[in-house]
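Me: I have a structure open and would like to go through how its parts pack together. Could we start with a pair of helices?

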Amino acid sequence: MAARNASLFGVADFYSRNFIFLGHQATDIHVNNWSLQSAWAREHGMAVESEEAPATTQRVPAWLKRVAAPVKPLLRPLARHLGLSPRLKRQSEEILLAQVEEHKPDFVLNQDVFHVDSRLVRRIKQIGSPFLVGQVGIEPSRGVDWSPYDLMISQLPRIVSKFRLAGVRAEVNHLAFEPDILNRLSPPSTPDVDVSFVGSISEDHRGRIALLEFLARRYDLKIWGNISQTVSASSPLWKCLQGEVWGAEMYETLRRSRITLNSHIDIAGDEAGNVRLFEATGIGAFLLTDFKRNLQSLFEPDIEVAVWRSPEECAVAIDRYLADEGARKAVATAGQQKTLAHHTYRRRVEEILAFLAQ
């Protein structure tokens, strides 16, 4: 677990460490990390039938992904379990329930409501009746029983409204940046990448693909991430691909960039809230992000982050800020100051605790 957290992958221990700082006992459980889970089981005297990681799902043909796209919300709960044999799925669930029994928490934050589904959450609820919170950033699947949850949180106001209409208590709770990351990276060097994008590119990112292809034909764009096989083989994005970066290496890549781009996933609609907003600004990078109607509630456009409303407008901003290092540094500095003051995991945990007290 120490090695997992030290990698800075995902949200690492950013939530639990801040619950602890605020006077609570807290622990992380990575339900889909078989190495961690099977080790915990062995240490607690549980028989582990297999030490092998669950099988990965078979490659899905690109044409099937495109056909299935409109019904993905219905298929999502099933897809989460396609790679697990029934035996390993059952064993994984029993380990989780044993961990809940061991800790007897007053509060559980479920950050993958599709992997740890409502059926399993209901079993968790039966162990000491903890206050259950689900965190979700995408459209709630139809037909799912959300009643075991005491609260749902999301970074997107639209998703919060959907849950409320379904009769489930829900609140906005944004993603964030952990300031201690700055103490765990090597000192910053002079940026050596003009324009970067760090993230995934798939059939769920049509707007992102259009932006990046437009820019790839005009700039020395470098992409760190993964590109779906559904993207045309003739796309200029393939030539921009530098490989994947995660955790500490991802933060270092953002900091190497004179300009790093952000483009929300299509389902975000007109609302801002993805984690790149806070990762890039928190690390001190200059962020050029897509304008959304609620962006001003998070950052002041063109003061703390630069914004674009079209690929053409994005290109104009790139030209302007590549040519003006002073202006670029001023925006990056203001963005980092805003994030460190208002968009930290400490702040988010304080908000969650306030929701629990209501």
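Me: Is the crossing of α6 and α7 left-handed or right-handed?

Reply: In this predicted model, the crossing of α6 with α7 is right-handed.

Me: At what angle do they pack, and how far apart are the axes?

Reply: The angle between α6 (residues 86-103) and α7 (residues 118-125) is about 30 degrees, and their axes are 10 Å apart. Angles under 35 degrees count as roughly parallel, and the two helices are therefore roughly parallel to each other.

Me: Which residues meet there?

Reply: From α6 come K89, E93, E94, L96, L97 and V100, which meet R119, L120, R123 and I124 of α7. By class, this contact has 5 nonpolar, no polar and 5 charged residues.

Me: Now α12 and α13. At what angle do those pack?

Reply: Helix α12 (residues 247-255) packs against helix α13 (residues 276-283) at about 65 degrees, and the axes are 9 Å apart. Angles of 65 to 115 degrees count as roughly perpendicular, so α12 is roughly perpendicular to α13. The crossing of α12 and α13 is right-handed.

Me: And which residues make that contact?

Reply: On the α12 side they are M250, Y251, L254 and R255, and on the α13 side R276, E279, A280 and I283. These divide into 5 nonpolar, no polar and 3 charged residues.

Me: What does L277 touch?

Reply: Leaving out residues up to four places away in sequence, L277 touches N262, H264, A272, L287, T289, L295, L298 and F299.

Me: L298 is on that list. Where does it lie, and is it buried or exposed?

Reply: L298 lies in the loop between β8 and β9. Its relative accessible area is 3%. Buried means under 20%, so L298 counts as buried. Apart from residues up to four places away in sequence, L298 touches H174, A272, L277, F278, K338 and H343. L298 and G273 are 25 residues apart in sequence, with their C-alpha atoms 8.4 Å apart.

Me: What about F291, is it buried or partly exposed?

Reply: F291 is also found in the loop between β8 and β9, but F291 is partly exposed, with a relative accessible area of 28%. From F291 to R309 is 18 residues in sequence and 5.7 Å in space, C-alpha to C-alpha.

Me: How many residues of α10 are buried?

Reply: Helix α10 (residues 206-216) is mostly covered, with 8 of its 11 residues buried. They are R208, I209, L211, L212, E213, F214, L215 and A216. The cover over them includes β5, β6 (221-227), α11 (237-240), β7 (257-262), β9 (306-308) and α14 (311-323).

Me: Last topic: which phi value does A12 have?

Reply: A12 has a positive phi of about 40 degrees, although A12 is not a glycine. A12 sits in the loop between α1 (2-6) and α2 and counts as buried at 4% relative accessibility.

Me: And what is the phi of D302?

Reply: The phi of D302 is near 65 degrees, again a positive value in a residue other than glycine. D302 is in the loop between β8 (287-290) and β9. At 38% relative accessibility, D302 counts as partly exposed.

Conventions:
Residues numbered from 1 in each chain as written. Predicted model: local features only at pLDDT ≥ 70, side-chain atom pairs only at ≥ 80, totals over all residues. Heavy atoms only, no water. Axes fitted to C-alpha atoms, helices over the stretch in contact; angles between N-to-C directions. Helix = DSSP H or I, 4+ residues; strand = E, 2+ residues; numbered from the N terminus. Parallel < 35°, antiparallel > 145°, perpendicular 65-115°, else oblique. Left-handed = near helix turned anticlockwise from the far one by under 90°. Contact = heavy atoms within 4.5 Å. Nonpolar A, V, L, I, M, F, W, Y, C, P; charged D, E, K, R; others polar. Buried < 20%, exposed > 50% of the residue type's maximum accessible area, 1.4 Å probe, protein only.
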